[in-house]
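Below are some notes on the fold and packing of the model you sent. They are in numbered points, from the whole chain down to a single residue.

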Amino acid sequence: MAPPQSTDLYRLDEDWTEEQQLIVEQVRRYVDTVVLPCIGEHHHRETFPEEIIAGLRELGLFESIAANELDACTYGLISRELERGSSAVRSIVSVQGSLVMGALQQFGSKAQQRDWLPRLGRLDAWGCFALTEPDFGSNPAGMETRAERTADGYRLNGAKCWITNGVRADFAVVWANLEGAIHGFLVETDRSGFTATPIKGKWSFRSSETAQLFLEDVDVPATALLPGATSLGAALKCLSGARYTIAWGAVGAARACLEETIAYLKARPQFHGKPLASHQLIQYKLAWMNTEIVGMELIAHRLGTLRERGRLAPEQIALAKMNNCRKALEVARTCRELLGANGIHSEYHVGRRMVDLETVLTYEGTEHIHALTIGAALTGIKAFG
Ligand SMILES: Cc1cc2nc3c(=O)[nH]c(=O)nc-3n(C[C@H](O)[C@H](O)[C@H](O)COP(=O)(O)OP(=O)(O)OC[C@H]3O[C@@H](n4cnc5c(N)ncnc54)[C@H](O)[C@@H]3O)c2cc1C
């Protein structure tokens, strides 16, 4: 029998520099030795995987982000490799790295950057990004959280929902309506009137902490305003950065599902002692999945090139996020099915990956919202309302 093929049929990994390939290997080793051995148990128990933090710190990823040293494709490859382990773990990078550090880098004052970026980079401090509200998810423009000016700063009132890392965060980037325009504020979580309550009972992203935030007459100084974040566009710009990592991460999740499934199908005989992998209908499904994954990776690859050229448009990110999340979920569901009954057991990772991808499909803009962004770019007609 011919030796097994890599699932990288188009040899896309050969395009990366030696340095990028070394980083991929390093992150892959971290995922194999640190993330995968513990993540299933945390998913089961609905607990945050504290033991992954030291290794994540050692990778130096957040310090590179803080120092603006990470090129777009390397950032994408790291996201892909982390999501080979867990979407919830990759999400730590998207939230801390792209949403929080990204907000400070793009819109923060020099003092905010100096006070927080080094600590965030060392993972000695955590931030969260508080945009979504109980009644406003896809349409954040309607948000009810309000900021009003006081003698020496601002007073914030409102509630935020589904906020990743909201409980462990040292500060929240809170988006609030100030005199008719949405602004970003850096709000320390120990301020009087600020409460974070964990959301328990999720069946997806169980190893990720998610919180509801309540702001009741939270007073912040004038320096809490992110000076460059004076419209919803600023929040959307941060989201674009995070969606970029999501598009790459989805490739890793799908590849991991496919590779686990191929190994399973080769080892399990059915009908006349023949391995499941030898049946034609099964090979058809493997071929379909690998074709989709190659397509997803080509999109991510191109997105990286556009980002490096500074030419990334919202509709390009929308297309990548929409396509890659949907396809990754379809791949995970198909793998779940091909594992038969074992596909619903936690001994295998596909079930966890599948339910986590349901969150990935929904958060940071649902499929419909990204389709509407693409539709607006194609027709010039905004059809959101
Ligand atoms: C685990 C998890 C972590 C999250 N982390 C964060 C975080 O850190 N920070 C943060 O701010 N938010 C976070 N979110 C929130 C997430 O971004 C929102 O859930 C998402 O934007 C969708 O909003 P919604 O849930 O209110 O759905 P809704 O807006 O109520 O949408 C429900 C359905 O209606 C559809 N829909 C809505 N409007 C339209 C329309 N105009 N046309 C057609 N269909 C439409 C949607 O596509 C969707 O299918 C997180 C969510 C989850 C699940």
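1. The model is predicted, and the points below should be read as describing that model. Its protein chain contains 11 helices and seven strands.

2. On overall dimensions, the radius of gyration of the protein chain is 21 Å, which agrees with the value near 21 Å for a compact globule of 385 residues. Along the principal axes, the C-alpha atoms fill a box of roughly 80 × 45 × 40 Å.

3. Among contacts in the protein chain with a separation of 6 or more, 76% are between residues 24 or more positions apart.

4. Helix α7 covers residues 232-267, 36 residues in total. From the first C-alpha of α7 to the last is 52 Å, close to the 52 Å expected at 1.5 Å a residue. The helix is mostly covered, with 27 of its 36 residues buried.

5. Which residues have the most contacts inside the largest nonpolar core? They are F185, V187, A254 and A332, in a core of 110 residues. The element that gives the most to this core is α7, with 19 residues.

6. A332 deserves a separate entry. Apart from neighbours within four places in sequence, A332 is in contact with A253, A254 and C257, and also with V350, R353, M354 and L357. One of these partners, A254, is itself listed with A332 among the residues with the most contacts inside the core.

Note on methods
Residues numbered from 1 in each chain as written. Predicted model: local features only at pLDDT ≥ 70, side-chain atom pairs only at ≥ 80, totals over all residues. Helix = DSSP H or I, 4+ residues; strand = E, 2+ residues; numbered from the N terminus. Rg over C-alpha atoms; globule rule 2.2 N^0.38 Å. Contact = placed C-beta atoms within 7 Å. Expected span 1.5 Å × (residues − 1). Buried ≥ 20, exposed ≤ 12 C-beta atoms within 10 Å, placed from the backbone. Core = buried A, V, L, I, M, F, W, Y, C linked by C-beta atoms within 7 Å.
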